[in-house]
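Biologist: I would like to learn how to read a model of this kind, one feature at a time. Please give the general idea first and then the case at hand.

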Amino acid sequence: MHAEAAALRAQGPAVLVELPGPVYAWSVTRHDVIQALTSDPRVSRDPRRHWPGLADVPEGWALAPIVLPQHFLNAYGEEHHRLRRRIAPSFSPRRVEGMRPLVQAAADRLVDALAALPPGTSADVREHLALPLSLTVVCDLFGIPDHLRDGLGSVIDAVLDPSAGPERALAIQAELHERLTGLLRYKRENPAADLTSDLLLSPQPGQEPLPEPALLDTLFLVVGAGYETSVSLITNAIGALLAQPEILTQVREGAIGWRDVIEETLRFEGPVMYLPMRFAIEDIDLGEGVVIGEGDPIVIGFAAAGRDPELHPGCPERFDPTRASKEHLAFGHGPHFCLGAHLARLEAEVALDTLFKRLPDLALTHPGERPARVPSFVANGIERLEIIPRPA
Ligand code: HEM
């Protein structure tokens, strides 16, 4: 993935690529161009208003579940701002910090289970730590009561599973839809300080509350945007640390803090490569003879920005939490900047601190082997990371 991004970056400020469909889009992989386009009002994420090509997308288009839902990620201008403001309170530093005890309790429980495995036993740390921890956070954020949590993890996993066939995908979406509808019903009667209750509130006296389909789309957006991304951040960080024991030693000795490890992981292996799509509202001249035409689709290579040698001349391909600048655009930039950035950092810090403190001899099961990656051009994550919590 990074090799491909490097090749595209060398070709120009934007390069036409073929996406499933086929749909042709300008891929942008240079840090400065990403920064400029993501904050440029001539660029929109709203296909209905700004993409003439929408009329030609094939039935069952593979990118439809990302590009077409009408939540605020795919809204533009004032409409985007208005919808985003509705849920922003749930992501305030105070609310997020308030979630720490629950995240810690979940991490303790999951790491205890890893520590209880017989010495020499291997386990996939993505499946046994990152995924269930991230799920607990989503449930907590949504204010899902215990009696509605049962089996929710497998439903969310199934919704996000890219290998599900169309029939299975529809069935599982219907199940998640039903569960979220049940959640809305429960929260109407039992409001609390959580995202679902924030959404149900009328924004201002006299203003209409959101209609139910928009409420559900917004809940879907947060599950989609916040679940697998955090899983990848945690797994990518564990993978990077275990692959470089000399850095791990410095972390264990306290010479390198978790904040530096997390920012370097975001720079080195940003969990989102592309998150389709954007559209040019008018012609945009990027120089070097490249003009993005009005209505053209654009895909931003968020994870490519942190590896741009123009930004990081000192070996961007090396994982090094001690480097002075770890600048990245892993959480995006401009009006769509990730709402969950603070929460994702908290989850990663709690997961890493708990895991490495509790398991001082933790090791990779297959040291030197490159773990399989999630097969996707959206997610940039390790698919399976086998570890031995306690060597024999
Ligand atoms: C390491 C973890 C995460 C990464 C790398 C990440 C990355 C991103 C990126 C790149 C965007 C911008 C998309 C664009 O401009 O096209 C974004 C937006 C968003 N993220 Fe995250 N995200 C993470 C975690 C989370 C979490 C935990 C949540 C919530 C639980 C979340 C919720 C959102 C939402 C709601 C948006 C849309 C914001 C808007 O359109 O105004 N993200 N994220």
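Biologist: Which protein atom is the donor of the iron atom of the ligand?

Modeller: This is a predicted model, in which local features need pLDDT of at least 70 and side-chain atom pairs count only at pLDDT 80 or more, while totals for chains, interfaces and linings use all residues. Residues are numbered from 1 along each chain as its sequence is written, and side-chain values use heavy atoms, with hydrogens and water left out. Donors are N, O and S atoms within 2.8 Å of the metal (3.2 Å for Na, K and Ca); water is not among the atoms, so sites may look incomplete. Here the only protein donor of the iron is SG of C338, at 2.3 Å.

Biologist: Where is the place of C338?

Modeller: Helices (H or I, at least four residues) and strands (E, at least two) are DSSP runs, numbered from the N terminus. C338 sits in the loop between helix 15 (302-305) and helix 16 (341-358).

Biologist: Which residues around the ligand come nearest?

Modeller: A residue is near a molecule or strand if one of its heavy atoms lies within 4 Å of it. There are 28 residues around the ligand, and R45, H80, R84, H336 and C338 come nearest. For polar contacts, look for a pair of N or O atoms within 3.5 Å; within protein, one must be able to donate a hydrogen and the other to accept it, and residues adjacent in sequence count only if both atoms are side-chain atoms. R45 has a polar side-chain atom 2.6 Å from an oxygen atom of the ligand. For H80, a polar side-chain atom is 2.7 Å from a ligand oxygen, and for R84 such an atom is also 2.7 Å from an oxygen of the ligand.

Biologist: How do the residues of the shell divide into nonpolar, polar and charged?

Modeller: Ala, Val, Leu, Ile, Met, Phe, Trp, Tyr, Cys and Pro count as nonpolar, Asp, Glu, Lys and Arg as charged, and the others, Gly among them, as polar. The shell around the ligand has 18 nonpolar, seven polar and three charged residues. Helix 5 (77-87), helix 12 (212-243) and helix 16 each supply at least two of its residues. The largest share, six residues, comes from helix 12.

Biologist: At what angle do helix 12 and helix 16 pack?

Modeller: Axes are lines fitted to C-alpha atoms, for helices over the stretch in contact, and angles run from 0 to 180 degrees between N-to-C directions. Helix 12 and helix 16 pack at about 40°, their axes 9 Å apart. Angles under 35 degrees count as roughly parallel, over 145 as roughly antiparallel, 65 to 115 as roughly perpendicular and the rest as oblique. Helix 12 is therefore oblique to helix 16.

Biologist: How do helix 10 and helix 12 cross?

Modeller: The axes of helix 10 and helix 12 come within 10 Å and cross at roughly 110°. The two helices are therefore roughly perpendicular to each other.
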